[in-house]
Amino acid sequence: MPFSNSSDASPSFILASIPGLEAAQAWMAIPLCSAYVLAVVGNLAVLLVVRMEPSLHSPMYFFLCMLAAIDLALATATVPRILSFYWFDTREISFGACLLQMFLIHSLSAIESTVLLAMAMDRYVAICHPLRHAAILTNAATAKIGLLAMARGVLFFLPLPLLLLPLPFCGSRVLSHSFCLHQDVMNLACANTTPSVVYGLTAILLVMGLDAVLICLSYVLILKAVLRLAAWRERLKVFSTCIAHICVVLLFYVPLIGLSVVHRFGRDLAPLVRIIMGNIYILVPAVLNPIIYGVRTKQIQRRILSLIHVSG
């Protein structure tokens with residue numbers, strides 16, 4: 001049945017179920033819930049450890065706290081709603097709730113991209129200009145970068161739901177994910193979506209695309225500085241400080257690019273592929289980021305082990 005977002009209607013969308021596994025969705029939700037619990041515990045542990053450990057009160061770890069908070073918010077904006085669908089069969093999501101979830105996903109992703117760029121710049125200054133690092137990246141500068149990241153994400157991606165708000169929707173109401181994404185919702189509109197398409201692509205290129213280019217540039221400069229060092233052991237020691245950040249960058253951008261490619265060029269792919277890619281994009285970085293930094297940072301390891309020992 002056609003529907004619109006007019007005042008006399010109650011528009012809603014239908015979240016996508018797992019193709020062929022509808023009867024087993026309650027069981028499929030268990031690993032999803034377990035991953036969400038790991039994400040919550042891991043990111044809260046990072047926040048707690050950095051707060052309690054004075055030696056970690058530096059820009060690098062403040063950026064890590066921002067990353068943990070963003071991952072926590074992104075997972076919480078999506079996974080509980082997915083679990084509600086899988087366990088209680090609440091497939092329907094209202095138009096307003098869908099637009100809010102869509103805005104949170106895209107704006108939080110943009111904020112995370114900006115924080116990853118700031119972390120790359122932190123590594124660049126620390127390696128290429130170590131004597132100026134403390135003067136350039138002060139705690140005040142770090143706080144301003146965090147506020148700038150938030151403003152950038154909100155201002156660039158707030159127009160996405162506003163552009164969809166006046167559009168009529170008709171025909172199928174079924175989304176291709178268990179949560180709301182801009183491309184997914186936009187494809188269900190039965191009106192001209194060119195402004196929404198152009199703005200969405202422009203926002204992604206100016207935020208995630210530009211950030212990715214600048215991150216690559218920073219690592220080219222870092223690599224040039226590292227290669228100037230005489231000893232291989234010294235080169236490896238310096239570059240090893242970047243390994244955790246490189247892994248986190250790949251965990252963020254690879255699923256993001258994969259999901260974008262699936263939406264724009266993968267119309268003939270099986271629906272299951274889209275659902276899997278969407279869940280990877282939402283949950284995998286949130287689960288693995290704390291583990292990566294926990295493994296690579298001895299101070300975080302020691303503090304977490306001491307907390308486990310005390311609680312035990």
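**Exercise 1. Work out how α1 and α11 lie relative to each other: roughly parallel, roughly antiparallel, roughly perpendicular or oblique.**

Solution. Keep in mind that you're looking at a predicted model. The answer is that α1 and α11 are oblique to each other. Here's how to get there.

Step 1: find the two helices. Helix α1 covers residues 25-52, and helix α11 covers residues 271-296.

Step 2: look at the axes, which come within 8 Å and cross at roughly 45°.

Step 3: sort the angle. Angles under 35 degrees count as roughly parallel and 65 to 115 as roughly perpendicular, so a crossing at roughly 45° makes the pair oblique.

Step 4: α1 passes α11 in a left-handed crossing.

Step 5: see who touches whom. From α1 come L32, A35, Y36, L38, A39, G42, N43 and V46, and they meet L283, A286, V287 and P290 in α11. Sorted by class, that contact has 10 nonpolar, two polar and no charged residues.

**Exercise 2. Do the sorting again for α2 with α3, and then for α3 with α8.**

Solution. Take the pairs one after the other.

Step 1: helix α2 (residues 59-88) packs with α3 at an angle of about 160°, and their axes are 10 Å apart. That makes α2 roughly antiparallel to α3.

Step 2: check the hand and the contact. The crossing of α2 and α3 is left-handed, and the contact of α2 with α3 has 18 nonpolar, three polar and five charged residues.

Step 3: move on to α3 and α8, where the angle is about 15° and the axes are 9 Å apart. This makes α3 roughly parallel to α8.

Step 4: finish this pair. The crossing of α3 and α8 is left-handed, with 17 nonpolar, five polar and two charged residues in the contact.

**Exercise 3. Find out which residues line the largest cavity, and which helix gives the most to that lining.**

Solution. Begin with the general idea: rolling a probe the size of a water molecule over the atoms shows where empty space is left.

Step 1: count. The structure holds five cavities of 30 Å³ or more, and the largest cavity has about 120 Å³ of space.

Step 2: list the lining. Around the largest cavity you'll find H106, S109, F157, L181, Q183, I204, M208, L256, L259, S260 and Y281.

Step 3: trace those residues back to their elements. α3 (95-128), α8 (194-227) and α10 (243-265) give two or more residues each. The top contributor is α10, with three residues.

Step 4: sort by class. The lining of the largest cavity has seven nonpolar, four polar and no charged residues.

**Exercise 4. Now do the second largest cavity: what is its volume, and which residues line it?**

Step 1: the volume of the second largest cavity is about 70 Å³.

Step 2: its lining is made of H106, F157, L160, H182, Q183, M186, S196, V197, G200, L201, I204 and R264.

Step 3: look for the helices behind those names. α7 (182-186) and α8 each supply at least two residues, and α8 gives the most, with five.

Step 4: sort the lining of the second largest cavity by class, and you get six nonpolar, five polar and one charged residues.

Step 5: compare the two lists. H106, F157, Q183 and I204 turn up in both linings.

Technical notes:
Residues are numbered from 1 along each chain as its sequence is written. This is a predicted model: local features need pLDDT of at least 70, side-chain atom pairs count only at pLDDT 80 or more; totals for chains, interfaces and linings use all residues. Side-chain values use heavy atoms; hydrogens and water are left out. On a 1 Å grid over the protein atoms alone, a cavity is a set of points where a 1.4 Å probe fits but cannot get out, and a pocket is an open set with protein on both sides within 12 Å along at least five of seven lines; lining residues have an atom within 4 Å of a point. Grid points are joined across faces, edges and corners, and a volume is the space filled by probe spheres set on the points. Helices (H or I, at least four residues) and strands (E, at least two) are DSSP runs, numbered from the N terminus. Ala, Val, Leu, Ile, Met, Phe, Trp, Tyr, Cys and Pro count as nonpolar, Asp, Glu, Lys and Arg as charged, and the others, Gly among them, as polar. Axes are lines fitted to C-alpha atoms, for helices over the stretch in contact, and angles run from 0 to 180 degrees between N-to-C directions. Angles under 35 degrees count as roughly parallel, over 145 as roughly antiparallel, 65 to 115 as roughly perpendicular and the rest as oblique. A crossing is left-handed if the near helix is turned anticlockwise from the far one by less than a right angle, and right-handed if clockwise. Contact means heavy atoms within 4.5 Å.
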